[in-house]
Amino acid sequence: MICWVNPFTGLAGDMLLAALIDAGAPLDRIRAAVAATGLTGWDLTAERITDHGLTSTRVRVEVTDPSTERRAAEVLEMASRAAPQPVAALAVAAVSAIAQVEGQLHDADPATVHLHELGGHDTLVDIVGSAAALHALGVTDVISAPLPLGRGRVKSAHGVLPCPAPATLALLTGAAVTGSDLPGETVTPTGAALLHAAGARYGPPPPMTLGATGYGAGARRLPDRPNVVSVSLGAPLPSEPDEDVVVLETNLDDVTGELLGHVITRALDAGALDVWTTPAVMKKGRPAQILHVLTTPHHERRLRDLVLAESGALGIRRVGATRTTLPRAFETVEVAGHVVRIKHGPHAAKPEHDDVAAAASALDLPLRAVAARALRLSRGKTMVTSQEEERAE
């Protein structure tokens, strides 16, 4: 499922969470994911409001613990306990991104840095809640329009800072941004961290069959427009039978496995269609890996520069190619209360490994048993749908 984010007036963690709830994410599953972290003294509610003629959802986090400051390690530990595991992974990635930039800005160890405003209940609820909402909706691809940055100053625990806040700018490295006529903070560190953790790409809506659209309201009221972010869900349209692609290749004989894995992850996050390696033997019998990056011509230059910078390679090859793709679609099933996404192609279906692994661990069952059960549930839903269509005819 694709999620296209339109930050009309900006983006905050609570606005994204509210928009996802408005688009259909179940509030009970979001509360359950937050409760699994062990956080106490909070309550999450959602209400419908109308602002400048547009009806949207706004979330409220009521807390009995007024503390807003925790060490990053404590917040990371709580985020890691969120359930199911894909929710925890996204939440930990978002909190880790915040800790990294705060550590850099304050010249401190990211694990021990104090998160002042970002250490409170509402930050953890917004992050874990948004991760749970994305998972519940079956979102596998997040794309955002450019983020509008406000102007002026913002108050913080360290005093008055320029707006956008330094932490926000650091988290938005590599993101598409644009100026805004709105004063103050339009993009918060939490909102920026969530897009970063979700591997968001930036641009217009991709070709997709449009589904639900949700509107999430912020706390601030604006004089001339609704303060909302919208999220639109959709299934990708079948790909064209053939498309021109580019394969970028470089030989690497002096990098560690960890660095190679890092380059692969960065390239995929930057829009590569696929990335893989093949073993090779170079001159003087040196063992090596050939890194292959499959991309569209549109992303070729960005990925070329990224691979060269991250790997330290002194050159890269370009090979033109044509690929044929088949249509695919996603659905979700529940295995003993655990959501498993399933990818369907014309000839086969496959459960998503991360979801199956999380369910298998929670249920103490073999991975293959959970995958088989998910496929049986998927086939059962397909049979019911076919019977309903026959009766309708």
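1. Among the contacts in the protein with a separation of 6 or more, 69% are between residues 24 or more positions apart. This figure, like those that follow, comes from a predicted model, in which there are 11 helices and 20 strands.

2. Of the 393 residues in the protein, buried ones make up 43%. The protein exposes about 19,400 Å², and carbon and sulfur atoms supply 54% of that area.

3. Helix α1, which covers residues 13-22, has 8 of its 10 residues buried, so it is largely enclosed by the rest of the structure. The buried residues of α1 are G13, M15, L16, L17, A18, A19, L20 and I21. After α1 comes G24, with a positive phi near 125°.

4. The buried residues in α9 are E300, L303, L306, V307 and S311. When one looks down the axis of α9, these buried residues fall within an arc of 130°, so they line one face of the helix. On the other side of α9, by contrast, R301 and A309 are exposed.

5. As to what lies over the buried residues of α9, the cover includes the strands β14 (242-252), β16 (287-295) and β17 (317-324), together with the helix α8 (257-269). After α9 comes G312, whose phi is positive, near 80°.

Note on methods:
Residues are numbered from 1 along each chain as its sequence is written. This is a predicted model: local features need pLDDT of at least 70, side-chain atom pairs count only at pLDDT 80 or more; totals for chains, interfaces and linings use all residues. Side-chain values use heavy atoms; hydrogens and water are left out. Buried means under 20% relative accessible area, exposed over 50%, partly exposed in between (1.4 Å probe, protein chains only). Helices (H or I, at least four residues) and strands (E, at least two) are DSSP runs, numbered from the N terminus. The arc is that of the directions from the helix axis to the C-beta atoms. Contact means heavy atoms within 4.5 Å. Accessible areas come from the Shrake-Rupley method with a 1.4 Å probe; for residues, only the protein chains shown count as cover.
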